Amino acid sequence: MQLRGVLKVRRPVPFCSQFLEDIAVIEARGLCKMFQDKKRGAIRAVDHVSFICRPGQIYGLLGANGAGKTTTLRILATILEPTEGTAVVCGHDAVEQPEKVRANVGFLSTATALYPRLTAQEMVEYFGRLNGLDEGTLKKRVNDIFDRLDMNGFRDRRCDKLSTGMKQKTSIARTLVHDPPVMIFDEPTLGLDIMTARTIIAFIRECRDRGKTVIFSTHVMSEVEKLCDVIGIIQSGKLLDEGTLGGLRQKHGEQDLEEIFVKIVSPHYAQTETN
């Protein structure tokens, strides 16, 4: 009932509106991903990970480098197929219906590529057309995003001439131009200056406030504290704990998120070093 009351005052979410009364927009179900390494043999990058993301919330996946964050998010975005388990996104199975999942998802990672010879505007327009936007809708979406992300000063500049922050803004714009109901951000502020990072953090917060389902990975504690409604702590491919910031503080008897993180993760670091 609470979800329905919130959504009445927000703009309808496209694509998966028939599922808005369902609580879980993203549901990871026992996700596993194995990779083969010549020296180390089989590596379990994701190990039976399960969680739920709800509309109008930001789920923060917090972990160190190599913890399994990116692999998990790539499975949700159907870039990788799980070795075991599955995920359901807007009612569609990521293994059985990947094309329907992709229609509902905007995925941004540090590896998101831009075509160097296109301008920032051409890049965003290209991906809008790939996602089936008509020209009138595309023009409005491009103008809205360029205004919000303060991109008008470089909209006609080629991508190979952009700074790191400009490239990241362009990547966000091309990812979200089709206005998907689910947004997946994999360390979106990595390597950015503080002003650009603040703009992107504010934009992600706005996505949540508009009723989007957002999953956000990072290893920056302050970003998690500012943004995330629910926090999942991952290490060695395992989701070790999850909850609200207040709930985690109460459960572990610590106020500082970094102390909570270290308390949860440290035993698993020891296990990794022993193996």
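This tour visits a pocket and then a helix in a predicted model.

**The second largest pocket**

Begin by selecting I79, V105, F107, F127 and R174. Among the 17 residues that line the second largest pocket, these five lie closest to its centre. The space inside this pocket amounts to about 400 Å³.

Next, colour strand 6 (105-108), helix 4 (120-130) and helix 6 (164-176), the elements that each supply two or more residues to the lining of the second largest pocket. Strand 6 gives the most, with three residues. Colouring the lining of this pocket by residue class then shows eight nonpolar, six polar and three charged residues.

**Helix 5**

Now select residues 135-148, which form helix 5. This helix has 14 residues, and the distance from its first C-alpha to its last is 20 Å, close to the 20 Å expected at 1.5 Å a residue.

Within helix 5, display the side chains of L138, R141, V142, I145 and F146, which are buried. Turn the view to look down the axis of helix 5: the buried residues fall within an arc of 125°, and therefore they line one face of the helix.

What do the buried residues of helix 5 pack against? Show helix 4 and helix 6 again, for these are the elements against which the buried residues of helix 5 pack. Both helices also contribute to the lining of the second largest pocket.

Technical notes
Residues are numbered from 1 along each chain as its sequence is written. This is a predicted model: local features need pLDDT of at least 70, side-chain atom pairs count only at pLDDT 80 or more; totals for chains, interfaces and linings use all residues. Side-chain values use heavy atoms; hydrogens and water are left out. On a 1 Å grid over the protein atoms alone, a cavity is a set of points where a 1.4 Å probe fits but cannot get out, and a pocket is an open set with protein on both sides within 12 Å along at least five of seven lines; lining residues have an atom within 4 Å of a point. Grid points are joined across faces, edges and corners, and a volume is the space filled by probe spheres set on the points. Helices (H or I, at least four residues) and strands (E, at least two) are DSSP runs, numbered from the N terminus. Ala, Val, Leu, Ile, Met, Phe, Trp, Tyr, Cys and Pro count as nonpolar, Asp, Glu, Lys and Arg as charged, and the others, Gly among them, as polar. The expected span of a helix is 1.5 Å times one less than its number of residues. Buried means under 20% relative accessible area, exposed over 50%, partly exposed in between (1.4 Å probe, protein chains only). The arc is that of the directions from the helix axis to the C-beta atoms. Contact means heavy atoms within 4.5 Å.
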